[in-house]
Amino acid sequence: MQFPSLKSAKLIHRYKRFMADVELPNGSQLTLHCANTGKMTGCADPGDTIWYSDSHSTTREYPCSWELTQLNNGDLVCINTQRANALAIEAIHNHLVPELDSYEHIVTNVKSGIENSRIDVLLTNGPQPDCYMQVKSVTLVNNHTGMFPDTETTRDQKHLRELIELHEKGYRAIVFFCGLHEGIESFEPSIQNDPEYSSLLMEAMAKGVEVYAYACKFMRDGQYPTGMQLTHTVPVINNYKNK
């Protein structure tokens, strides 16, 4: 995935979930749109270096969007969770996800499930069972372990229940954790933030729902981030069984 041209700034603060004020290199301030509904723990601290894009739209109230946070150690985090689905689909198209390499057709945003929500990705290929996949953005990291969710989320709990139902009907069902933080070396559900989600994830795995977590790398031109891609799977740790 190639990024649009990005510019850097210093984060002043994030507020109302979808807005952030930043200080530009010339000292002026700018309000950005923030496409992330989570807490953004560890990647939204005042003073952080951030990278933003400019849509140059004349109709958007806030035409500039917060895309990345650069941490003190230099690691990048893509905080724009809208990019996760596109990143996962690109990886499937480019045969970077061997677990899904046998599928030829991809449909996005499919209505399905007992609770009437949308499935991120539907993969099909002739006689194979259809594959329903929900993509989750992972930006929370602790000691190189990616964690999800970063706050309680009844919406994602619902997605797990629906994937269990789809698997029981004979379809292939997958939760795909898309690492958007380049420091991720393993993944585990965040019991502290949402014990119900963690319990449901373990139940889903026990009932046959597949769970994959993928790490990413960022491309740079000197100091400027230019793109990112998923590269490889990381271990999924069952940390719930002993809780």
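Visitor: What are the ground rules here?
Guide: The model is predicted: local features need pLDDT of at least 70, side-chain atom pairs count only at pLDDT 80 or more, and totals for chains, interfaces and linings use all residues. Residues are numbered from 1 along each chain as its sequence is written, and side-chain values use heavy atoms, with hydrogens and water left out.

Visitor: What makes a space a pocket or a cavity?
Guide: Both are sets of points on a 1 Å grid over the protein atoms alone. In a cavity a 1.4 Å probe fits but cannot get out. A pocket is an open set with protein on both sides within 12 Å along at least five of seven lines. Lining residues have an atom within 4 Å of a point.

Visitor: What is the volume of the largest pocket, and which residues lie nearest its centre?
Guide: The volume is about 620 Å³, taken as the space filled by probe spheres set on points joined across faces, edges and corners. Of its 26 lining residues, Thr37, Thr81, Ser137, Arg155 and Asp156 lie nearest the centre. Domain 1 (6-74) and domain 2 (82-234) each supply at least three lining residues; the bounds come from an automatic or database domain assignment.

Visitor: Which element gives the most to the lining of the largest pocket?
Guide: E9 does, with four residues. Helices (H or I, at least four residues) and strands (E, at least two) are DSSP runs, numbered from the N terminus.

Visitor: How many cavities of 30 Å³ or more does the rule give?
Guide: One. The largest cavity holds about 40 Å³ of space. Its lining includes Val138, Phe177 and Tyr214. Strands E12 (172-179), E13 (186-189) and E14 (210-221) each give two or more residues to that lining.

Visitor: Why are H2 and H3 called roughly parallel?
Guide: H2 and H3 (residues 195-206) pack at about 15°, with axes 9 Å apart. Axes are lines fitted to C-alpha atoms, for helices over the stretch in contact, and angles run from 0 to 180 degrees between N-to-C directions. Angles under 35 degrees count as roughly parallel. H2 and H3 are therefore roughly parallel to each other.

Visitor: What is the omega of the cis peptide bond between Phe148 and Pro149?
Guide: Omega is about -5°. Pro149 sits in the loop between E11 and H2.

Visitor: What is the phi of His95?
Guide: Phi is positive, about 60°, although His95 is not a glycine. His95 is in the loop between H1 and strand E7 (105-112).

Definitions and conventions. Parallel < 35°, antiparallel > 145°, perpendicular 65-115°, else oblique.
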